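Please examine the sequence and the three-dimensional structure below before reading on. The paragraphs after it are intended to be read with both in view.

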Amino acid sequence: MTVVCETELVEIDRRRLVFSVRVYDAKGDVGSGTHERFVVDSQRFMEKAELKTF
């Protein structure tokens, strides 16, 4: 059976992104929820991470 996942970006708050997620198959809904991500400046992140090395 094919399972489909649909996502929609529903909110942008500076670096914070919120997605609505829905998963379903031929029999109906499997699950749904929200997913939150943050946009990270990779260079700045790596600089901070390198300072934490032992």
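The following explanation takes up the strands, the salt bridges, the helix and the surface patches in turn. The model is predicted.

Strand E3, made of residues 28-38, contains Val30. Val30 counts as exposed, its relative accessibility being 55%. Although Val4 and Val30 stand 26 residues apart along the chain, their C-alpha atoms are separated by 9.4 Å. A related pair is Val30 and Val3: here the separation along the chain is 27 residues, and the C-alpha atoms are 8.6 Å apart.

Asp13 is partly exposed, at 32% relative accessibility.

Side chains of opposite charge can pair when their charged atoms come close. How many salt bridges does a search of the whole structure find? The search finds six. In one of them, Asp13 is joined to Arg14, with 3.7 Å between the closest N and O atoms. Arg14 is exposed, at 75% relative accessibility. Asp13 forms a salt bridge with Arg16 as well, and in that pair the closest N and O atoms are 3.6 Å apart.

Another salt bridge connects the side chains of Arg22 and Asp29, with an N to O distance of 3.0 Å. Of these two residues, Arg22 is partly exposed, with a relative accessible area of 35%, whereas Asp29 is exposed, with 59%. There is also a network of salt bridges that share partners, and its members are Glu11, Asp13, Arg14, Arg16 and Glu36.

The next element to consider is helix H1, formed by residues 42-51. Is this helix covered or uncovered by the rest of the model? Helix H1 is hardly covered, for the count of buried residues among its ten residues is zero. The N-terminal end of H1 is capped by Asp41, which places a side-chain oxygen 3.1 Å from the backbone nitrogen of Gln43.

Two surface patches involve residues of this helix. One is a patch of positive charge in which Arg15, Arg44, Lys48 and Lys52 gather; of these residues, Arg44 has its place in helix H1. In an α-helix there are 3.6 residues a turn, so residues three or four places apart point the same way. The other patch is nonpolar: Phe38, Val40, Phe45 and Met46 make up a surface of about 420 Å².

Conventions:
Residues numbered from 1 in each chain as written. Predicted model: local features only at pLDDT ≥ 70, side-chain atom pairs only at ≥ 80, totals over all residues. Heavy atoms only, no water. Buried < 20%, exposed > 50% of the residue type's maximum accessible area, 1.4 Å probe, protein only. Helix = DSSP H or I, 4+ residues; strand = E, 2+ residues; numbered from the N terminus. Polar contact = N/O pair within 3.5 Å; in protein donor to acceptor, adjacent residues only side chain to side chain. Patch = residues over 30% accessible without salt bridge, like charges linked within 9 Å, V, L, I, M, F, W, Y side chains within 5 Å. Areas by Shrake-Rupley, 256 points an atom, 1.4 Å probe, with all protein chains shown as cover. Salt bridge = Lys/Arg side-chain N within 4 Å of Asp/Glu carboxyl O. Lys, Arg positive; Asp, Glu negative; His and termini not counted. Charge placed at Lys NZ, Arg CZ, Asp CG, Glu CD.
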